Amino acid sequence: MQKMELLRNCSLWVLPILFMILCSNGVNASHQVFMRLQSSSAFSVRKIHRTGYHFQPPKHWINDPNGPMYYNGIYHLFYQYNPKGSVWGNIVWAHAASTDLVNWIRLEHAIYPSKVFDKYGTWSGSATILHNKPVILYTGIIDANNTQVQNYAIPADLSDPLLRKWIKPDNNPLVVADKSINKTQFRDPTTAWLGRDGLWRILVGSVRRRRGVAILYRSRDFMKWIKAKHPLHTSAKTGNWECPDFFPVSTNHTEGLDTSFDGENVKHVLKVSLDVTRFEYYTIGTYHTKKDRYIPDDGMTDGWKGLRLDYGNFYASKTFYDPLKNRRVLWGWTNESDVVPTDAKKKGWAGIQAIPRKLWLDPSGRHLVQWPIEELEILRKQKVELRNHNLDKGEMVEVQGITAAQADVEVTFSFSSLKNAEEFDPSWADLYAQDVCAMRGSTVQGGLGPFGLLTLTSENFEEYTPVFFRVFKAQDKYKVLMCSDASRSSVRNNIKIYKPSFAGFVDVDLSDKKLSLRSLIDHSVVESFGAGGKTCITSRVYPALAIFDEAHLYAFNNGTETITIETLNAWSMNKPER
Ligand code: DQQ
């Protein structure tokens with residue numbers, strides 16, 4: 001009880017900052033360029049806030065995951081990397097290889113500017129296994145005006161299991177923008193898929209006026225690409241589409257499908273990263289192969305009212321089909337919320353990759369489901385458990401005995417009735433979940449919820465990042481809000497540090513009166529999976545007090561309805577090789 005009071009008091013100083021954040025949208029369009037800093041090497045790398053088990057190189061800036069693939073027993077991850085500084089710039093394709101997606105060997109840069117067709121930049125792209133050999137398609141920048149073309153690269157030596165060296169043949173570029181295309185917004189080719197007609201297809205992201213476009217190209221030999229008469233899909237007023245990803249999902253099982261799969265019981269997913277909001281959105285729909293058009297299902301929305309893979313810091317993601325485990329795996333860039341360039345310079349690094357996630361279609365067909373790849377569990381070490389622990393209104397329980405700043409927590413909450421759920425104010429109907437979370441956060445007492453985890457909490461509750469549910473009663477149904485609220489995550493008072501109340505609604509059946517939550521806590525990131533991965537939210541946070549052994553973890557309930565922790569399993573997490 002007392003702790004909840006303390007928590008409420010701590011919230012007072014945060015409100016003015018929260019107000020300022022709500023008035024700005026916290027969004028920065030496209031990568032910001034800091035000329036002075038982009039080639040200014042890190043003096044040292046600060047340990048504070050570096051992650052223990054998320055993928056990040058020893059220093060400097062990273063962004064988009066590129067060309068993830070499995071080939072000959074090895075997983076490959078390439079990523080946009082600045083070898084010379086901790087802000088965006090000088091981008092190369094850095095390369096790492098792994099046998100388990102957890103432990104990584106860092107390799108020499110695979111692709112970097114060196115030829116006329118990529119002299120000014122080697123930007124994002126994808127890998128395709130073509131006749132049993134990998135091929136990378138990537139965007140080259142060919143002049144100082146930012147003109148973009150699509151190039152290919154192939155391994156120099158297929159007998160090298162790590163595929164260390166890559167060649168960019170002289171017949172590049174393969175695809176250049178015709179007159180109808182804005183050549184400075186023409187990038188991020190997808191993995192190719194093969195049609196029944198023997199033609200390979202790729203998408204390239206672009207924009208025409210303010211209409212986001214997934215331009216479709218076809219090729220018989222992978223070398224000569226012809227633009228299709230119609231794009232695969234477009235949507236008005238959504239701005240530039242970066243990093244499109246287009247893939248099939250099964251309607252009757254959770255296993256993955258090869259990108260070229262063409263058969264029964266399949267839906268398709270189109271994901272785009274919107275430069276305007278710096279968030280990404282997806283729709284589920286039907287790929288009409290004869291017309292080569294993709295039509296989102298009824299009720300699916302393109303753009304920022306639509307579904308998101310992750311409602312937090314997650315951008316430029318990309319999936320690949322993993323034939324070893326017959327699954328589709330998603331990688332996403334977890335960008336910093338601290339976008340102060342001098343902070344990046346001081347800490348010597350910026351950006352991490354989210355934990356790779358298995359992804360499949362929910363049986364309802366209404367959304368995707370994601371779950372951390374099972375291999376992550378090899379990092380689990382000491383475990384603590386709670387069973388059938390009741391939390392009455394205002395109560396919390398500390399999860400002790402693990403490293404709370406570097407942990408994996410899985411919890412199932414149950415309750416005996418839905419009758420205490422708060423009314424969902426009809427005037428909120430047009431609000432985003434994030435707005436509702438900002439108004440009805442973890443400290444505003446509710447009926448059924450807020451309940452969840454209080455991660456990265458300092459000794460006296462000056463800092464904490466709650467991940468929680470609130471259940472609302474709307475006209476004809478219940479609405480479950482999931483929040484990952486960074487607004488009180490740090491006592492650092494720099495208003496340029498974005499501390500959003502990230503949130504999404506969870507499409508879950510409450511008839512069993514249970515809600516589950518898993519959070520991967522790793523120093524400056526809290527990556528959470530609600531209701532078995534139906535809604536996912538990643539927050540980047542920068543505690544000043546709740547660091548290393550000073551961080552605490554609690555489960556809490558701030559609603560009138562008693563909540564039972566049916567099971568809570570929490571593990572300290574080991575550090576992998578990377
Ligand atoms: N990042 C790359 C672009 C892509 C953007 C440049 C998305 O290819 O559109 O680093 O974050």
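Student: In this predicted model, how far does a polar side-chain atom of Arg187 lie from an oxygen atom of the ligand?

Tutor: Arg187 is listed among the closest of the 14 residues that surround the ligand, together with His31, Asp64, Gln80 and Asp188. Between a polar atom in the side chain of Arg187 and an oxygen atom of the ligand, the distance is 2.8 Å.

Student: How much of the accessible area that the ligand has on its own does the protein cover?

Tutor: Taken on its own, the ligand has 310 Å² of accessible area.

Student: Which strands each supply at least two residues of the shell around the ligand?

Tutor: By class, this shell holds 5 nonpolar, 4 polar and 5 charged residues. The strands that each give at least two residues to it are E1 (60–71), E5 (121–130) and E19 (315–322).

Student: Turning to strand E27, which residue of E37 is the bridge partner of Phe413?

Tutor: Strand E27, residues 406–414, is mostly covered, with 7 of its 9 residues buried. It pairs antiparallel with E33 over 9 bridges, and 8 bridges join E27 to E37, also in the antiparallel sense. Within E37, the bridge partner of Phe413 is Ile565.

Terms used
Residues numbered from 1 in each chain as written. Predicted model: local features only at pLDDT ≥ 70, side-chain atom pairs only at ≥ 80, totals over all residues. Heavy atoms only, no water. Near = heavy atom within 4 Å. Polar contact = N/O pair within 3.5 Å; in protein donor to acceptor, adjacent residues only side chain to side chain. Areas by Shrake-Rupley, 256 points an atom, 1.4 Å probe, with all protein chains shown as cover. Helix = DSSP H or I, 4+ residues; strand = E, 2+ residues; numbered from the N terminus. Nonpolar A, V, L, I, M, F, W, Y, C, P; charged D, E, K, R; others polar. Buried < 20%, exposed > 50% of the residue type's maximum accessible area, 1.4 Å probe, protein only. Pairing = 2+ DSSP bridges.
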